[in-house]
Amino acid sequence: MAIRKSNKLPQAAVLKQILKRCSSLGKRHGGYDHDHDSLPLDVPKGHFAVYVGENRSRYIVPISFLTHPQFQCLLRCAEEEFGFDHEMGLTIPCEEVVFRSLTSMIR
């Protein structure tokens with residue numbers, strides 16, 4: 001069986017890109033505390049915001065979720081559907097009930 005070489009970035013590079021994208025959102029949008037790392041005031045250190053479902057409901061999740069295979073699958077779906085270079089924030093393309101179920105299992 002031949003090993004197929006992928007054009008995708010290594011997992012560590014993708015995670016760094018996601019973290020950079022999440023932290024850079026505060027630099028472009030209002031409602032942020034610019035004296036403290038330009039992050040939203042309601043997002044505790046070690047967490048980031050994602051938008052989920054048809055209504056784009058906002059959830060605050062720990063950065064540690066980025067290492068879980070199930071959450072990485074959601075991130076790949078988000079990248080395929082929306083990409084990471086847009087103004088809407090990190091949007092996860094799944095139903096809220098599925099997202100809540102998944103994140104409750106990860107915790």
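**Exercise 1. Is Thr-103 buried or exposed, and where does Thr-103 lie?**

Solution. Thr-103 has a relative accessible area of 7% and is therefore buried, where buried means under 20% relative accessible area, exposed over 50%, and partly exposed in between (1.4 Å probe, protein chains only). Thr-103 sits in helix α3; helices (H or I, at least four residues) and strands (E, at least two) are DSSP runs, numbered from the N terminus. Next, take a distance: the C-alpha atoms of Thr-103 and Phe-65 are 8.2 Å apart in space, while the two residues are 38 apart in sequence.

The model is predicted, so local features need pLDDT of at least 70 and side-chain atom pairs count only at pLDDT 80 or more, while totals for chains, interfaces and linings use all residues. Residues are numbered from 1 along each chain as its sequence is written, and side-chain values use heavy atoms, with hydrogens and water left out.

**Exercise 2. Describe the protein chain as a whole.**

Solution. Begin with the secondary structure: the protein chain has three helices and five strands. Read from the N terminus, their order is α-β-β-β-β-α-β-α. Then take burial: 36% of the 107 residues count as buried. The accessible surface is about 7,400 Å², and carbon and sulfur atoms hold 54% of that surface; accessible areas come from the Shrake-Rupley method with a 1.4 Å probe, and for residues only the protein chains shown count as cover. Last come the contacts, meaning heavy atoms within 4.5 Å. Among contacts with a separation of 6 or more, 48% join residues 24 or more positions apart.

**Exercise 3. Which residues of the largest nonpolar core touch the most other members?**

Solution. A nonpolar core is a set of buried Ala, Val, Leu, Ile, Met, Phe, Trp, Tyr and Cys residues joined through side-chain atoms within 4.5 Å. The largest such core has 18 residues, and Val-50, Phe-71, Ile-92 and Phe-99 touch the most other members. At least two core residues come from each of β3 (47-52), β4, α2 (69-82) and α3 (96-106). The element that gives the most is α2, with four residues.

**Exercise 4. Describe the packing of α2 and α3.**

Solution. Two packed helices are described by the angle between their axes and the distance between the axes. For α2 and α3 the angle is about 145 degrees, and the axes are 10 Å apart. Axes are lines fitted to C-alpha atoms, for helices over the stretch in contact, and angles run from 0 to 180 degrees between N-to-C directions. On the α2 side the residues are Gln-70, Phe-71 and Leu-74, which meet Phe-99, Leu-102 and Ile-106 in α3. Sorted by class, the contact has five nonpolar, one polar and no charged residues. In this sorting Ala, Val, Leu, Ile, Met, Phe, Trp, Tyr, Cys and Pro count as nonpolar, Asp, Glu, Lys and Arg as charged, and the others, Gly among them, as polar.

**Exercise 5. How many disulfides are there?**

Solution. A disulfide is a pair of cysteine sulfur atoms within 2.5 Å. By this rule the count is zero. Cys-73 is in no disulfide, with the nearest cysteine sulfur, that of Cys-77, 4.6 Å away. Cys-73 is partly exposed, at 37% relative accessibility. For Cys-94, the closest cysteine sulfur is again in Cys-77, at 8.3 Å, which is too far for a bond. Cys-94 is buried, with a relative accessible area of 16%.
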